[in-house]
Amino acid sequence: MAAVQTVGIAGAGAAGLAAAILLAEAGVDVEILEKASEPQVLGSGITLQGNALRILRQLCVWDQVEAKGYSFSNLGLRAPDPAGTVIAVLEDIRTGGEDLPATLGMYRPDLTAILRERAEQAGARISYGKSVTEIADDGGSVTVRTADGTAASYDILIGADGLHSAVRRAIGIDVEPRPTGMGIWRAFVERPEEVVRTDLTYGGPCFIAGYCPTGPDTIYAYLVEKAQERKHGDGPRIMAELAAAYGGPWKEIRANLDHSARINYTWFTTHLVDGPWNRGRTVIIGDAAHSCPPTVAQGAAMALEDAAVLAELLIQADEITETLWKEFTDRRLDRAKAVVTASVQLGQWMLDGVRDANVPGLMNSLSTMLKEPA
């Protein structure tokens with residue numbers, strides 16, 4: 001019998017939904033507390049590498065994800081010149097195993113919808129309009145109060161409520177995301193026929209110009225610059241101006257950067273709770289526990305891995321003990337720290353203009369680690 005019979009999960013993102021699926025499938029009574037008033041349908045694209053796909057297969061949603069997304073197993077590098085000259089096409093490391101593609105791009109809301117439907121099929125309940133305001137742990141259960149004035153008790157609470165986690169703050173962890181110095185423009189637009197993989201261009205007016213196919217007809221394109229105050233309404237103009245320096249598919253992408261395109265701008269941030277992620281019977285996972293710039297495209301993968309490992313331990317154990325929490329920390333902290341460190345280091349090299357940075361060595365070391373199951 002699992003160590004828990006009832007579990008509350010704050011947050012209906014990838015981490016929370018993945019944990020809900022695995023626990024509900026094992027017969028645990030799961031309630032997801034989502035602060036939004038209804039399912040969210042906004043977002044741009046997401047890049048999922050092999051180790052994320054491995055977890056999605058474990059969740060029995062791989063076939064749906066593959067059908068909705070766009071798979072590929074190589075990476076292109078282009079020069080920052082008017083022709084967008086292809087410098088190299090590299091075979092990407094299949095961190096999820098040889099039977100899965102190295103990478104898949106898809107529309108982020110599609111991924112969330114697939115996971116949400118799977119969680120509900122498994123028996124998890126999603127309660128909307130539930131923003132966590134207070135957590136009380138009596139040693140045997142956790143009582144959660146939400147902004148609508150209601151309260152519920154669970155054997156444990158999982159905080160999967162993102163970067164600005166209310167759960168993290170409520171249990172007294174004072175770590176918060178900090179800017180790294182870079183900002184990113186993202187646009188969700190039509191796919192040029194030439195785009196069949198991610199191509200990255202380093203240099204020019206941006207640190208990185210890249211794109212990822214997300215389906216037969218769509219991509220998300222991104223431009224990484226020095227962080228600054230930007231207005232979302234200026235997105236089409238600013239992205240088009242920055243993109244003008246890049247050739248190849250960027251010419252067609254630029255033509256689609258009008259006010260009908262879904263464009264957003266955010267700063268890169270990072271944080272890591274460098275120690276146990278639980279306080280008593282409440283534990284944080286995913287972006288609540290760690291975040292990193294998307295320079296190695298591992299944010300969602302780390303969140304999914306957190307959920308899978310935590311669910312495995314809770315299902316296999318007979319009771320909640322300090323040994324269980326220590327095993328969770330031992331299995332997740334160093335791996336997440338390596339990803340956060342590598343992501344931040346890559347960005348810092350670009351900010352500092354380091355020309356002799358050992359990027360291949362860093363990426364090979366990281367990929368070798370990620371090939372091992374979490």
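Colleagues, the structure is a predicted model, in which local features need pLDDT of at least 70 and side-chain atom pairs count only at pLDDT 80 or more, while totals for chains, interfaces and linings use all residues. Residues are numbered from 1 along each chain as its sequence is written, and side-chain values use heavy atoms, with hydrogens and water left out.

I begin with the cavities. Rolling a probe the size of a water molecule over the atoms shows where empty space is left. Here a cavity is a set of points, on a 1 Å grid over the protein atoms alone, where a 1.4 Å probe fits but cannot get out; lining residues have an atom within 4 Å of a point. Grid points are joined across faces, edges and corners, and a volume is the space filled by probe spheres set on the points.

How many cavities of 30 Å³ or more are there? The count is two.

The greatest contribution is that of α9, with five residues. By class, the lining has five nonpolar, five polar and no charged residues. Ala, Val, Leu, Ile, Met, Phe, Trp, Tyr, Cys and Pro count as nonpolar, Asp, Glu, Lys and Arg as charged, and the others, Gly among them, as polar.

The second largest cavity contains about 40 Å³. Among its lining residues are Asp287, His290, Cys292, Met302 and Val340. Here β20 (290-291), α8 (299-316) and α9 each supply at least two residues, and α9 again gives the most, with three. This lining has five nonpolar, four polar and one charged residues.

I turn now to the aromatic rings. Rings of Phe, Tyr and Trp (its six-membered ring) pair if their centres lie within 6.5 Å; planes under 30 degrees apart count as stacked, over 60 as edge-to-face and the rest as tilted. Six such pairs are found in the whole structure. In one, Tyr246 and Trp250 have ring centres 6.2 Å apart and planes at 45 degrees, so this pair is tilted. Tyr246 is buried (under 20% relative accessible area; exposed is over 50%, partly exposed in between, with a 1.4 Å probe and protein chains only), at 3%. Trp250 is also buried, at 1%.

Key
1 Å grid on protein atoms, 1.4 Å probe; cavity = no way out; pocket = protein on both sides within 12 Å on 5 of 7 lines; lining within 4 Å. Helix = DSSP H or I, 4+ residues; strand = E, 2+ residues; numbered from the N terminus.
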